[in-house]
Amino acid sequence: MLNAKIPEGPLQDKWRHYRSTAKLVSSANRNKLQVIVVGTGLAGSSLAASLGEMGYRVTCLCFQDSARRAHSVAAQGGVNACKNYKNDGDTVFRMFYDTIKGGDFRSREANVYRLAECSANLIDQAVAQGVPFAREYSGYLSNRSFGGVQVSRTFYARGQTGQQLLLGAYQALMRQVAAGSVSLLPRHEMLDLVVIDGKARGIIVRNMDSGALERHGGHAVVLATGGFGKIYYLSTLAMGCNGSAIWRAHKRGAFFANPSWTQIHPTCLPQSGDYQSKLTLMSESLRNDGRIWVPKGREDHRSPNEIPEPDRDYYLERRYPAFGNLSPRDISSRAAKERIDAGYGVGPLKNAVYLDFSRAIREQGKPKIEEKYGNLFRMYQKITGVDAYQQPMRISPAAHFSMGGLWVDYELMTTIPGLYALGEANFADHGANRLGANSLLQACVDGYFIAPATIPNYLANEIKTGPIPIDHPAFAESEAAVRERLQVLVNIQGKSPADHFHKTLGAVLYDKCGLSRSQGGLKDAIGKIHSLRDQFYNDLLIPGGIDLNSELEKAGRVADYLELGELMCYDALTRNESCGAHFREEYQTPDGEALRNDRDFAFTSAWEWAGIDKEPILHREPLDFEVVTPTVRSYK
Amino acid sequence: MRIQLKIWRQQNRSKSGQLVNYDLPDVNPDMSFLEMLDTLNERLVRQRERPVEFDHDCREGICGQCGMMINGRAHGPLSNTTTCQLHMRAFRDGDTIYVEPFRATAFPVKCDLKVDRSAFDRIIQAGGYTSASTGGAPEANSIPIAHDVAEAAFDAAACIGCGACVATCKNSSAALFTAAKITHLALLPQGKIEGRQRVRRMVRQMDSEGFGHCSNTEACQVECPQQISVLHIARMNWEYNRSLAM
Amino acid sequence: MSNSDLDPETNLSLVDGPVENPDITPTSKEAVELRPAKNWLSGTLSQKNLMALTGLFLCLFLVVHLLGNLQLLLPKEAAQWQFNFYSKLLSENIFIHLISYLLFATIVAHAVYALLITIRNRRAHGTRYEYDRRGVSSKWYSRKMGLLGTVILFFLIIHLRDFWYEVQFGHLPIDKDGQEDLYTLVVTVYRSGWYVLIYVLCMVALGYHLLHGFFSAARTLGVCHPRFVGWVRVIGWIYSVGISAGFALVPIYVHFALS
């Protein structure tokens, strides 16, 4: 039975109560305790730096060549915090409610409340680190509003908020590396988790430059490895983002929660050909002034500027008059897909919709638009060669954020004692849909404030354990398994490179387990993934050996995706309702909106690994709403 | 379009390398430069040859991981653009493109186009931070910072650490990288406090990594994807000289 | 414990004994860091400072030297008396003598440090690019300061041989006022067309060297405020063109007007 270990007491006192009663480790004992942190994004860097400051011994690793390159760096928009600097009525409760409503009432009240509660302190922390947030002429911090809320609570540093927050965390981490409390291992990839007597005790990592396998022991292991949206191949994620670390942990016993909930971002650049490797995200802020439309006729080959107003279908304004072009991400994405699937898509591959600024330019003047979005227009021109001041942008939805991840309790501990998951790698706070500017927040809050308070509660019982013996048979067994798996991949020597399988898998998932899902489609997808996996193990081709070899790295990740993709389909198949990013065609209102089922599906799906080619085992964590009452999200 | 590539191939740090010719007969002008390399790699893999190793990750110009010399210029023929944002329409049908790794003694080549830029991390370790520990930070608005100062600090902080400044510098100087961090923190009240130690420690680390002198040719600013200004170098010099004088 | 101390095969948690306390107090850290480094003169910024200061001192000297030379543009009689009087004044003044030693030392230091810097930079660069088009992103003369400096050094040797050496160790004629007649020496030397040509070409090199050097020195010394940076650009340009054109004008004038 899943125990989320939510503290007693009223919602607003839970976290304070927890912190007052959690066990502590005295400073004299901290250097006897080793913590392994996998990933150096916002959650990983900030946790490693915090634990290092406290005096624990930390080993921190990342697959990038520097900790500063983790994909948190790419977040553009901002970070939410309820400071109420604008005096517009923001409170912790309001932020909590916005987040839980935005998540379509599929997240834990206690976790979400804590997220809102810790948000204000994060801004203080970042400013102390020298993060150059935007400021008013008075010298005080500036805010802007973001989708899905009525207050201005988003702090930002131009369009590079993620970069600036990450650099703050990275610098804090570098300070600890210099002080000797954190040992940092860039270009290292975790390939297995070592579990001894039911507790997470270490990991097996591969030095990606030399190919050597290394054993690292620790009293606790923290996975802050981000999301796995790259499973769709075409996504807004970095090329190296992967789900391998959490997947290996899952296969060692950690439950995987809500794997099928992936946010599809509506404003990305469309695919232009088979060679395409990623879909670049254009900031959502563009929808403040851009109008989204497709031609009314299916085979309209005119250039967009030649299509007169009566022949244009502003479908968001038509379907959702109240929110129009600013409808939430899941709704905008789904509406775009509906039009594209119906044959109204634009562009050479008919896979995009127009985002038109002509009215905004006419009404506000080009200089004003340039001031607001100049950098985005320049980026658009760099990538597509098209001047968006002259003709509309072409955009399309793309996989962006994984709401699902390893199941964690209130302490962010997975179902394996001593194994924690932070940030996007866990499932905790966003429910079935994430609000804009909440992902940076969650990663930072997990890493700076929550895990540094909850991990000692576990470590307090480990003081007498002593150093973890890496010559323990469990380490040897894991290392041998990893070595064998790598060798298997290298030995297949078939005909197709790993990317071929990745692209095929991505297309299947996007089609059947993407913006809209159906029972038939999902069953079909499971079958296809099965046979794709068989092909993979017969036909994969990796030139070279197990030293520095980027093809081997890719193949290992794709092998895990081929198992994870199947779990996603099982998850989507069992959830017979539509909520947030999860839209089941069978469960919709007569006018095509999501139909949630709170009576039967107000739970978190936590999946247990049952073995390869076996159906995974579903565990349910009921979601008890003590404070809020789930309502129907309406943006009409 | 047809493209001839001359790519630097080097198996590892200790082996010597050379340019190898590849002929790509069918390149789509809408491809990014890295996607063009992906296509080449796919072909090489199918021919059971070792693919070209190159660094890349976000492919939207912010992570700073990609970077190579393309036709003799850092990140290719366009100014202020990362390699991943360079598209093949910047070249002409029939062009020959030279692709080499970033060169500097402080950036040893690991394999093909991959170089080791960990020297940058060590420069930051020497002092590129504020010593603010987690928790207990004062209220964010307790110290107002003028709008222009915050913007100027951002301009410096925007550095993505790609190393193009070093690669394009005739002296392989890391002055722009180091100066950007020093300026970012020197402008803000939170960073000023440790300014004196910071500039001396970071400069000393920069020197000990084996980077060259800054000759103020300003080439780094032209190639920098974030258009970091060379004036930051002047500020670093100012801060450094002041730290010696006081 | 630093990154490089890590043995990939060894696990950190097996390390025994006390670990360095990460909480180094700020005072102790400062005490360590602010001790002047023994070899601060070998630091890149210090070396560049030295180049900048010696360079600016030489810039100052050039102004004084040019003012002296401009006397040659006076009418012939006046110029002869004035110029010879001026050189006598200089050669008899002990203060000027001291300055001249400083000047020689400065030139040597400027050249020696230029050499040291170039050697370090060569080493920092390592392997050359097979195909190098980096030149398009900077001005040629900013990259060729070493070459321009070498031209100037070559010129200095000729220049000193022809004038300074003659004054010190040669036998100058005496003019009608009983002064050593440096003026006639100058006019004689500038009679040669190829000499004037070399002189003018070297002044072009000097102009470019100053154009980058003056501005670069200001950068090195830390002039970073945009307003001052603008001034430095303008002043540097006027100064460089003025000095090099001024020095080039004298031999041309002497060659064509007096010969």
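This is a predicted model: local features need pLDDT of at least 70, side-chain atom pairs count only at pLDDT 80 or more; totals for chains, interfaces and linings use all residues.
Start by selecting the side of chain A that touches chain B. The elements that each give two or more residues to this side are helix 3 (42–54), helix 5 (109–128), helix 6 (161–179), helix 11 (366–384), helix 12 (439–459) and helix 16 (550–574) of chain A. Color helix 6 of chain A separately: its nine residues are the largest share of that side. By class, the side holds 30 nonpolar, 30 polar and 16 charged residues.

Next, show both partners. Chain A brings 76 residues to the contact and chain B brings 72 residues. Between them the two chains bury about 6,300 Å², with 50% of it on carbon and sulfur atoms. In chain A, select Arg69(A), Tyr275(A) and Lys382(A): these lose the most area to chain B, together 12% of what that side buries.

Now look for charged pairs. Six salt bridges are found by the rule across the interface of chain A and chain B. One side-chain pair to display is Lys278(A) with Glu60(B), a salt bridge at 2.5 Å, N to O.

Finally, go to helix 16 of chain A and select Glu566(A). Glu566(A) has a relative accessible area of 5%, so it counts as buried, the cut-off being under 20%. Beyond its neighbours within four places in sequence, Glu566(A) is in contact with Ile526(A), Ile529(A), His530(A) and Arg533(A). With His530(A), the contact includes a polar one between the two side chains, at 3.2 Å.

Notes
Residues are numbered from 1 along each chain as its sequence is written. Chains are lettered from A and ligands numbered from 1 in the order in which they are written. Side-chain values use heavy atoms; hydrogens and water are left out. Contact means heavy atoms within 4.5 Å. Buried area is the accessible area (1.4 Å probe) that two parts lose on being put together, summed over both. A salt bridge is a side-chain nitrogen of Lys or Arg within 4 Å of a carboxyl oxygen of Asp or Glu. Helices (H or I, at least four residues) and strands (E, at least two) are DSSP runs, numbered from the N terminus. Ala, Val, Leu, Ile, Met, Phe, Trp, Tyr, Cys and Pro count as nonpolar, Asp, Glu, Lys and Arg as charged, and the others, Gly among them, as polar. Buried means under 20% relative accessible area, exposed over 50%, partly exposed in between (1.4 Å probe, protein chains only). A polar contact is a pair of N or O atoms within 3.5 Å; within protein, one must be able to donate a hydrogen and the other to accept it, and residues adjacent in sequence count only if both atoms are side-chain atoms.
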